[in-house]
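Visitor: Hi, I've never looked at this one before. Could you walk me through it?

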Amino acid sequence: MVVEGSPLAKTPSSPSTHEGKRYLSYNQIHKTVASLADAIREYKPDCMVAIGGGGFIPARMLRTFVKVPILTVSLELYDDATNTRKEKPVKLQWFDSVSGVGERVEGKRVLVVDEVDDSRTTLQFCVEEILRDHTPAEMAVMVLHNKEKPKNGVLPKSVSYYAGESFPDVWCVYPWDATDIDDHERKAKLCEESSFTNRVSSTPLIITSS
């Protein structure tokens, strides 16, 4: 089911950019997470699985509203040394079922958290690995931003989907990647002010499992 007023029902507005990129502030991201909190509470997750590194901070912000444990995994799709894309994501960090951590997933309602749904390759890989090896009762995915573009990955229809914003493909720059946070916040403010001037809306996208 697609929630009324979601961007799937209309053509999304293009977000305002600076130097061809959309810079996002911690304040904006906190508000985006907060906009999804009620819907996530209705889903009633038993735990979150944050995909590192982009999903770590959004998951911690969400935990302010939804008090459940956060498990962490790290996946690598791009090689930073060569700046090339791998054929499929590689596990750098995962949880096991021996130490007791996996017990928080098996037979539970699990929410996977990441910052952006770009090609959907990483999300598909993470969801499929959890479904195959840890048998959760139910799964959902939450991202801050969904890029309206053809996806390489596919999520099972049984997985609910929550996105804080959905917009055409644009390069997003997140504050946790900044080397100069003051400069980053200045650019984020310019993008935000331009969005307000151009009346760009940010409607959450929610697709519940059928």
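Predicted model: local features only at pLDDT ≥ 70, side-chain atom pairs only at ≥ 80, totals over all residues.

Visitor: Okay, how much of the protein chain is buried?

Guide: The protein chain has 210 residues, and 46% of them count as buried.

Visitor: And what is the secondary structure made of?

Guide: There are four helices and nine strands. Both are DSSP runs numbered from the N terminus: helices are H or I with at least four residues, strands are E with at least two. Along the sequence the pattern reads β-α-β-α-β-β-β-α-β-β-β-α-β.

Visitor: Which strands form the sheet, and in what order?

Guide: Seven strands make an open sheet, ordered β4-β3-β2-β5-β6-β7-β9, with mixed pairing. Two strands pair if DSSP finds at least two bridges between them. At the edges sit β4 (84-93) and β9 (205-207), each pairing on one side only. On average, neighbouring strands of this sheet are turned by 20° against each other, direction ignored.

Visitor: How do you get an angle like that?

Guide: Axes are lines fitted to C-alpha atoms, for helices over the stretch in contact, and angles between N-to-C directions run from 0 to 180 degrees.

Visitor: Is β7 enclosed or open?

Guide: Eight of its nine residues are buried, so β7 is largely enclosed by the rest of the structure. On one side, β7 runs parallel to β6, joined by eight bridges; V141 has Y161 in β7 as its bridge partner. Strand β7 also pairs with β9, antiparallel this time, over three bridges, with A163 opposite L205.

Visitor: What actually holds paired strands together?

Guide: Strands of a sheet pair through backbone hydrogen bonds, parallel or antiparallel.

Visitor: What about β2 and β3, which sense do they pair in?

Guide: Strand β2 (residues 47-52) and strand β3 (residues 70-79) pair in the parallel sense, over five bridges. G52 stands opposite S74 of β3.

Visitor: Tell me about S74, then. What is it in contact with?

Guide: Setting aside neighbours within four places in sequence, S74 contacts G52, F56, V90, K91, L92 and Q93. Contact means heavy atoms within 4.5 Å. S74 is buried, at a relative accessible area of 15%.

Visitor: Switching to helices: what does α1 pack on?

Guide: Helix α1 (residues 26-43) packs on the sheet, touching β5 (109-117), β6 (138-148), β7 (160-168) and β9, and its direction makes about 150° with that of β6. Its buried residues include I29, V33, L36 and I40.

Visitor: How far does α1 reach?

Guide: With 18 residues, α1 reaches 25 Å from first C-alpha to last, close to the 26 Å expected at 1.5 Å a residue. That expected span is 1.5 Å times one less than the number of residues.

Visitor: Where is the kink in α1?

Guide: It's centred on A37 and is about 40°. The bend at a residue is the angle between axes fitted to the seven residues ending there and the seven starting there. Just after α1, K44 has a positive phi of about 60°.

Visitor: Which cluster do Y174 and W176 belong to?

Guide: Together with Y26 they form one aromatic cluster. Y174 is buried at 3% relative accessibility, and W176 is buried at 18%.

How values were computed: Residues numbered from 1 in each chain as written. Heavy atoms only, no water. Buried < 20%, exposed > 50% of the residue type's maximum accessible area, 1.4 Å probe, protein only. Phe/Tyr/Trp six-rings, centres within 6.5 Å; stacked < 30°, edge-to-face > 60°.
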